[in-house]
Amino acid sequence: MREKLWSFDTVVVDLEDRDVIVKLVHERTLAEITVQFRVPESSFNASVQTLRRHAETLAADKILDLASFLDAP
């Protein structure tokens with residue numbers, strides 16, 4: 001079974017500006033990564049839990065994109 005190394009610590013959504021801040025914490029080293037981005041207004045038509053999952057997924061995708069960029073030769 002794959003060990004979980006990162007956990008979502010906080011998800012903050014600014015309803016007025018549509019800004020999202022997601023903080024992840026590494027389980028072993030306690031290193032923190034904060035990802036900030038803006039979501040489309042249509043995202044607010046969903047429930048709070050759906051919006052949170054959407055924000056966490058987008059943050060994880062952005063981190064993976066950055067990691068693949070840094071790994072590229």
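Figure 1. At 21% relative accessibility, Lys 23 counts as partly exposed. Partly exposed is the range between buried, under 20% relative accessible area, and exposed, over 50% (1.4 Å probe, protein chains only). This is a predicted model: local features need pLDDT of at least 70, side-chain atom pairs count only at pLDDT 80 or more, and totals for chains, interfaces and linings use all residues. Residues are numbered from 1 along each chain as its sequence is written, and side-chain values use heavy atoms, with hydrogens and water left out. Lys 23 and Asp 9 meet through their side chains in a salt bridge (3.3 Å, N to O). Asp 9 lies in strand β1 and Lys 23 in strand β2, so the pair ties together parts that are 14 residues apart in sequence. A salt bridge here is a side-chain nitrogen of Lys or Arg within 4 Å of a carboxyl oxygen of Asp or Glu. Strands (E, at least two residues) and helices (H or I, at least four) are DSSP runs, numbered from the N terminus. Asp 9 is partly exposed, at 39% relative accessibility. Lys 23 also forms a salt bridge with Glu 32 (3.7 Å, N to O). Glu 32 is exposed, at 51%.

Figure 2. Glu 56 pairs with Arg 52 in a salt bridge, and their closest N and O atoms are 3.0 Å apart. Both residues lie in helix α1, 4 residues apart, about one turn of the helix. Glu 56 is buried, with a relative accessible area of 15%. Arg 52 is partly exposed, at 33%. Elsewhere, salt bridges that share partners join Asp 9, Lys 23 and Glu 32 into one network. The count of salt bridges comes to 4.

**Figure 3. The largest nonpolar core.** This core has 9 residues, among them Val 22, Phe 37 and Ala 55. β2, β3 and α1 (48-71) each supply at least two of its residues. The largest share, 3 residues, comes from β2. A nonpolar core is a set of buried Ala, Val, Leu, Ile, Met, Phe, Trp, Tyr and Cys residues joined through side-chain atoms within 4.5 Å. Leaving aside neighbours within four places in sequence, Val 22 is in contact with residues including Phe 8, Ile 33 and Ala 59. Contact means heavy atoms within 4.5 Å.

**Figure 4. Two loop residues with positive phi.** Arg 18 lies in the loop between β1 (6-14) and β2 (19-26). Its phi is near 65 degrees, a positive value in a residue other than glycine. Arg 18 is partly exposed, at 28%. Leu 30 sits in the loop between β2 and β3 (32-38). Leu 30 has a positive phi of about 65 degrees, although it is not a glycine. Leu 30 is exposed, at 59%.
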